[in-house]
Amino acid sequence: MNLTSIIRPVFNSRLHAIERYESHAEDIQRDTLERLLHEAARTEWGQRYGYDNMHSYEEFAAKVPVSTYEELKGYIDRMRHGERDVLWPGQVKWYAKSSGTTNDKSKFIPVSRDGLHDTHYQGGTDAVALYLHNNPLSRLFDGKALILGGSHAPNYNVANSLVGDLSAILIENINPLVNLVRIPPKKIALLSDFEEKRDRIAEMAIKKNVTNISGVPSWMMAVITRMLELSGKQYLDEVWPNLEVFFHGGVAFTPYREQYHRLIRSTNMHYMETYNASEGFFGLQNDPLDAAMLLMIDYGVFYEFIPLDEVGKPNPTVLPLWEVEQGKNYAIVISTSCGLWRYQIGDTVKFTSTNPYKFIISGRTKSFINAFGEELIVDNAEKGLHEACKATGAVVSEYTAAPVFMNAEGKCRHQWVIEFSQQPADMEVFANALDMALQHINSDYEAKRHKDITLQRLEVVTARQGLFNDWLKSKGKLGGQHKVPRLSNNRDIIDDILKLN
């Protein structure tokens, strides 16, 4: 029996609503904001800014300030201690712990029951709906889904209140029906020791008919590698012959794509990118031939955008979705059904289309190198590495980069620490290829590299195997949704990593 054909109609109903994104984006977003304001009108925050008498986006933008975590932290900490009706109605009992990418300071992002259902779970449902639409022969539900998650822990002494990785929160609260098609069971999925969890998942997953996998590419690769070691197989499709899709997110897939292609030979394998952050579910890849993601605009999220060159200014320009332009970099600002109001999440995006609104994640507002005016962002780094790997046959598993500041002779450069799953035959050729690719991609970098006058050619330091995992482990960040910081404008992170090399 083809169980997928029976279940498929349940997901088809969403397709019509998603089709409306193309012609009704402004109306959908204005309606979303109106609903959020109405629901939060009786909260402390809503009363402070007069949500009861607020009837348009223009009023909202004029009266409510753009905020950062530091500015909301006091409210969130009171919520974590059990206070009700602060930023969102009722008591919020779940908090996604996030450390960002540039410091060790934890953030605790509120995850309300409303946000779980109208944003995070809706995103998961739509991922399946769009995948089934694009793949009419799919047998997705005729096997198991391997879903990787993190862990959680008690939140202060508040009853039934927990903090942890977003993925752990999602697994803890998931519809029991999903557990019928999902592995591993909760007791394994929520283990705090990632290495123990990896081994136990690998041991049980070998025996299952897995058709789809979901998680962060780096951590999923750790599970796959361990499973192949235990099974004695060389390729993943030897273990799971019916595997057909990887729903991935959390980090850019580019550095991992070649590794997955080498381990999964099946021509029926698909890859679908998702943008599910601690703060909300924002995007889905709706076209397998287009790497850009569709902005999901009818969830419990209202979007605004700050042009990248105005981030950090006292009074930056803030644009609603319907005023953004294609091809420009913007920092995302969100208002959500979890109680985040005009909140800067730290990610930057570039729109590739405005009809419908499709985008790529271009980096983070604090993850860049601009020590010498080169303005290198993560999107540049990912593309440069892709070109260097294509030219040399190398495969990169992890990396980070930072500036080496000017010495007494005025010499300076970028330093890259790269862990390869397949090293290039000649590291100098790889470094040259990366440097030339970055010059081609980024005109500011090219200008600074001109004749080596301002910036010298980049340096590549080869990382030993497991270096980045060891660094994450030393920070208590192994597993879950933690990720290696890609670019830094100072040397704090890279020097810390190099000590372990």
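**Salt bridges, a mixed sheet and a buried glutamate**

In the predicted model, the side chains of Arg226 and Glu229 meet in a salt bridge with an N to O distance of 3.0 Å; a salt bridge is a side-chain nitrogen of Lys or Arg within 4 Å of a carboxyl oxygen of Asp or Glu. Because Arg226 and Glu229 are 3 residues apart in helix 10, about one helical turn separates them. Glu229 is exposed at 52% relative accessibility, whereas Arg226 is partly exposed, with a relative accessible area of 24%. Here, buried denotes under 20% relative accessible area, exposed over 50%, and partly exposed the range in between (1.4 Å probe, protein chains only). Helices (H or I, at least four residues) and strands (E, at least two) are DSSP runs, numbered from the N terminus.

Arg226 also forms a salt bridge with Asp199 (3.1 Å, N to O). This pair links distant parts of the chain, with Asp199 in helix 9 (residues 194-205) and Arg226 in helix 10 (residues 217-231), 27 residues apart. Arg198, Asp199, Arg226 and Glu229 are linked in a network of salt bridges. The structure holds 31 salt bridges. Another of these joins Lys390 to Glu387, with the closest N and O atoms 3.7 Å apart. These two residues lie 3 positions apart in helix 13 (residues 378-392), a separation of about one helical turn. Lys390 is exposed, at 59% relative accessible area, and Glu387 is partly exposed, at 35%.

An open sheet is formed by 4 strands in the order 2-1-5-4, with mixed pairing; two strands pair if DSSP finds at least two bridges between them. Strand 2 (107-111) and strand 4 (152-154) are the edge strands, each pairing on one side only. Strand 1 (residues 94-98) pairs with strand 5 (residues 162-164) in the parallel sense over 3 bridges, and Leu162 in strand 5 is the bridge partner of Trp94.

Glu279 lies in the loop between strand 9 (270-277) and strand 10 (280-284). Glu279 is buried yet has no salt bridge, the nearest side chain of opposite charge being Lys107, 6.0 Å away. Leaving aside neighbours within four places in sequence, Glu279 is in contact (heavy atoms within 4.5 Å) with residues including Ile109, His120 and Tyr343.

Residues are numbered from 1 along each chain as its sequence is written, and side-chain values use heavy atoms, with hydrogens and water left out. In this predicted model, local features need pLDDT of at least 70 and side-chain atom pairs count only at pLDDT 80 or more, whereas totals for chains, interfaces and linings use all residues.

Terms used. Lys and Arg count as positive and Asp and Glu as negative; His and the chain ends are not counted.
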